[in-house]
2 protein chains.
Amino acid sequence: MPSYTAPTKDMQFVLHDLLKVSQADIPGYSELEADFTSAVLEEAGKITSEVVAPLNVVGDKEGCVLENGVVRTPTGFKSAFDQVREGGWTGLDMPEEFGGQGMPYVMSTAMGEMFSSANQAFTMYQGLTHGAASAILAHGTDQQKATYLPKMVSCEWTGTMNLTEPHCGTDLGLMRTKAVPQADGSFKLSGQKIFISAGEHDMASNIVHLVLAKIPGGPDGIKGVSLFIVPKFMVAEDGSLGARNGVACGNIEEKMGIHGNSTCVMNYDEATGYLLGDEHKGMRAMFTMMNEARIGVGMQGLAQAEAAYQNAVIYAKDRLQGRDVTGVKNPDGPADPLIVHPDIRRNLMDQKSFIEGARAFIMWGSMMIDQAHRGEDKAADGLVSLLTPVIKGFLTDQGYDMTVQAQQVYGGHGYIEESGMSQFTRDARIAMIYEGANGVQALDLVGRKLAQDGGKHVMAFFDLVKNFIKDNDGNEALKDDFLTPLKAASKDLQAAGMYFMQNGMKNPNNALSGSYDFMHLFGHVCLGLMWAQMAKAANEALAAGASDAEFYQTKITTGRYYMARRLPATGMHLARINSGADTVMALDAANF
Amino acid sequence: MPSYTAPTKDMQFVLHDLLKVSQADIPGYSELEADFTSAVLEEAGKITSEVVAPLNVVGDKEGCVLENGVVRTPTGFKSAFDQVREGGWTGLDMPEEFGGQGMPYVMSTAMGEMFSSANQAFTMYQGLTHGAASAILAHGTDQQKATYLPKMVSCEWTGTMNLTEPHCGTDLGLMRTKAVPQADGSFKLSGQKIFISAGEHDMASNIVHLVLAKIPGGPDGIKGVSLFIVPKFMVAEDGSLGARNGVACGNIEEKMGIHGNSTCVMNYDEATGYLLGDEHKGMRAMFTMMNEARIGVGMQGLAQAEAAYQNAVIYAKDRLQGRDVTGVKNPDGPADPLIVHPDIRRNLMDQKSFIEGARAFIMWGSMMIDQAHRGEDKAADGLVSLLTPVIKGFLTDQGYDMTVQAQQVYGGHGYIEESGMSQFTRDARIAMIYEGANGVQALDLVGRKLAQDGGKHVMAFFDLVKNFIKDNDGNEALKDDFLTPLKAASKDLQAAGMYFMQNGMKNPNNALSGSYDFMHLFGHVCLGLMWAQMAKAANEALAAGASDAEFYQTKITTGRYYMARRLPATGMHLARINSGADTVMALDAANF
């Protein structure tokens, strides 16, 4: 069975050496001293590796079972969920007035990575609840907040998000679920929602569904969509639970992975719902949480890659097969461990350099979320909004590929479910799809975000890269291995943006045909920037006489690998982008 | 449920427009007139799409079940296998004297792609039998051939290949299974083999295991390995079946995919075996079939991609979601079909251009196998031997990626098993692993094949590319879109080879660290060459007034896509290769 050890040391490096969080001018960040964050991360590491991770394979094997309208979660999930609740992990970044711990989002991201690595299916129960609670926090009335938030912050009640219907996924304007106004101000919701994660289960006394639906007579399409709170059990004024509402799970889907999470078909039959936010502004209410939700999914790509990588490393060190061509390394054994072989290292270094770069990227993005929300920093808000589709799309694509590479280290044993490596791959696959399929992320990036506020945010990003290179001009330790490749990659990104400007006007398909490549090109430049900054931080730590020199040396070597071996992908993406829409759009649909 | 339609038209294009098989100077090829191959392919298309494909999902869902030592195959497999046997499909390229049809291997490859697309797990029962029969054909005594081949060619008996043991996969020198000589010339085999595809099942009256084992007292390591025939039931002189031999299935593995094929742990307990070929030359006997076996697995990558692509296209045309940004395409519907969106097309064109290029590559490789075996052409033998790891490694990696892309077209529905898209991905994953994991293919390519016969074969490949470009100098239809990019890609490949020569001497790790990238770089150049040749063939057909102009135009457009959007990957691979072993090998194992 696979194991999991929380990468607390690496997270501490990102928080303190790279982001220097406790010195950042963001409300709440001064508390994030190294001792404090270390204590939080160690505790999170303990519960995730000891309680949550051992249930990962169990969840995959048993899955969820629907019987008489009740969904049974896998053995051990309920008791583990109790322990997670008791530890206060479900409301880490929620306001203290509702029972949360009021910590910055950046800490929630670090903790979230651990939970997701340990057991993605399990973690979704609290993840969805967090998302629904955030929506109520942002758009609910005081009464709604008082009624729902304390129970949701503690996960005594869990939450769901209901968007998709059988005939509409990305295109929510086609939605059919109806919400008919009632005399008492409530609504009656009828319709069918699909792919509802944690839609029904046996781990909470109530489930609070957030449901998108149309109020009859409202505007057509996406502009007529409103958001509603639909509790599974009605909630009385004193907070006690009443009758069952008109919502039921009709089926649970058989999926490629995340078997431990119940993916439900939810049937609404005149279910009582309460408007959350304004009428017909449901999409806006959803979108206020979109950046966090998408960063959260991007994090899952990294998290599955981390878990898979850890096990691939263990296997590569243990498994004896073949001999080092440059000389026997394990003379007393029948063969050398796999890790002596260059191609196994190439594989592992791809993973390691991606994972650590991705972690820095996502933590930086989370810090910007804090800057935007806690510090009301508009520039940070704009930049993280630009980078969100990159974090979501690039990190889940690459994270998935890395789980496939980790599986490959195991050879035939990786294909056998017993090794657990297939599960990482199957579980990671969903992150490329939900919360906006990655093609939609690319469309959001190129079709919307690039030009937002007159292109201000992408210019800010280029300035960031340019200034970093300029500020470190003359830093010989960074020059050849980091600054030069970063500059080249950034030039590719600018050239791609220029191509879009010059050709997208004539025909938007010229830009959209390159959107996916642009997302990846952008992602590589971001990781290149992260690695250059991390190398600088590591050099500084070494110069300051850091006790763990090997850790910092390893960081620099890993960064050099990324710059030399991963960053050259930018040229390929640029070439693809520069070929425009021509061959992409040329064929009649009939000729596919 | 997914559907499958055999791509007979495209196969005919490759056979006749591209390879011009009936004019080739290879024994047996003159029979391959277009009418004849069309009839064969149409029939193969019928049985695969109508009989074999509908069982693909069934096999995935039911899997194989081991009860009291007997493995039950999924519902319908047995009767379908009977139909395949009756149709004579199991011995298409086997000698007529043993009941085969004596057709060239190139036809077997075309047919094999269809079977593999339709149902990979099912097809492995006959595939393994074919492999085992080929070994007996190449190395068996006349008596062994007479005893086993007629029954194996008809698949009345099936076959297996037993190599792997729990502690040894790639490194077969560590093998422990023993074969003790008996007074009558037979051997008693004892040991455990794992990952034995089709090791036990209920579809054949006997199973002929080919088993690698060591004869005590022989040379150490791989040089002491011999190959044995171990029938499940003993075979009397008159061909009738006798007592059960000492071989039994101890367990079947739970796998990520190919559930319909039983992957067995086989326990040999003093099982009677007969030496096949020479003592201690077991690896050589295995290797004579290696090229075909590996090309067969490369074909599976293409085949799964084809099946997934077909369904992605259907979905992209059916599913209405969003509107074409350049103008509504389906004004009477609530939305436009997915296929109007540039990023969906980018996705589909990646698949289409890979699949058709890969098909040409693999058929060309198969034709070289025929040239080598039927025509005793040493140059063809050398070239296909060089290209075999590229066919296996590149096509299965890319084929897998394409099944992932096809799944992505379905959005959330692709993650639900009901759509069948997950199965293509899960089934395709194994092809990157078995018959030599792809890292081992890369090692074979760079560590062995490149330098074979003084590097003669790789020089022959470069000459082929150079001559094609030279011969078509002045062909304006090919120049910019095909010849220029092919030249650039080929230059990248040569530069990579030069890097290996200059730096691999100093330190072999400089070459081996780039082996995986070299395999992919080589693969892209091969597909670039195929596309340039196909574009030329299509232009010629158009110039000759071909009736189906749209087919040929589509071919050219698809080729232009590959050259513009896929081939630029060569630059990235070269950059990775040129960075050498430095960052790959720098870390101590402890620092991973």
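**Exercise 1. The contact between the chains**

How many residues does the contact take from chain B and from chain A? Work out what this contact is made of in the predicted model.

*Solution.* 
Step 1. Begin with the residues: chain A gives 95 residues to the contact, and chain B gives 95 residues as well.

Step 2. Turn to the area. About 8,000 Å² is buried between chain B and chain A, with 58% of that coming from carbon and sulfur atoms. On the side of chain B, the residues that lose the most area to chain A are Y415(B), R565(B) and F592(B), and together they make up 12% of what that side buries.

Step 3. Look at the pairs that meet across the interface. Between chain B and chain A there are 51 residue pairs in polar contact. Helix α19 (residues 549–566) of chain B supplies the largest share of the side that touches chain A, namely 9 residues. Sorted by class, that side of chain B holds 43 nonpolar, 28 polar and 24 charged residues.

Step 4. Finish with the salt bridges, of which the interface of chain B and chain A has 6. An example to find in the structure is R565(A) with D517(B), whose side chains meet with N and O 3.8 Å apart.

**Exercise 2. Salt bridges within a chain**

*Solution.* 
Step 1. Take K329(A) and D324(A), whose side chains meet in a salt bridge at 2.8 Å, N to O. K329(A) is partly exposed, because its relative accessibility is 48%, whereas D324(A) counts as buried at 8%.

Step 2. Move to R346(A) and D350(A), a salt bridge with its closest N and O atoms 3.7 Å apart. Helix α10 (residues 342–373) of chain A holds both of them, 4 residues apart, which is about one turn of the helix. R346(A) is buried at 5% relative accessible area, and D350(A) is buried at 2%.

Step 3. Now go to chain B, where D444(B) and R294(B) form a salt bridge at 3.9 Å, N to O. This pair links distant parts of the chain: D444(B) belongs to helix α14 (residues 438–449) and R294(B) to helix α9 (residues 290–318), 150 residues apart. Both D444(B) and R294(B) are buried.

Step 4. Over all chains the count is 60 salt bridges. Some join into a network in chain A, which links D10(A), E113(A), E306(A), K352(A), E356(A), R359(A) and K555(A).

**Exercise 3. An annotated span**

Which residues of chain A does the UniProt annotation "domain: Acyl-CoA oxidase/dehydrogenase middle" cover?

*Solution.* 
Step 1. According to the unreviewed UniProt entry, the annotation covers residues 161–269 of chain A.

Step 2. Check the make-up of the span: residues 161–269 of chain A are 0% helix and 49% strand, and their end C-alpha atoms lie 17 Å apart.

How values were computed:
Residues numbered from 1 in each chain as written. Chains lettered and ligands numbered in written order. Predicted model: local features only at pLDDT ≥ 70, side-chain atom pairs only at ≥ 80, totals over all residues. Heavy atoms only, no water. Contact = heavy atoms within 4.5 Å. Buried area = accessible area lost by both parts, 1.4 Å probe. Salt bridge = Lys/Arg side-chain N within 4 Å of Asp/Glu carboxyl O. Polar contact = N/O pair within 3.5 Å; in protein donor to acceptor, adjacent residues only side chain to side chain. Helix = DSSP H or I, 4+ residues; strand = E, 2+ residues; numbered from the N terminus. Nonpolar A, V, L, I, M, F, W, Y, C, P; charged D, E, K, R; others polar. UniProt positions renumbered as here; feature names shortened; annotations may be inferred. Buried < 20%, exposed > 50% of the residue type's maximum accessible area, 1.4 Å probe, protein only.
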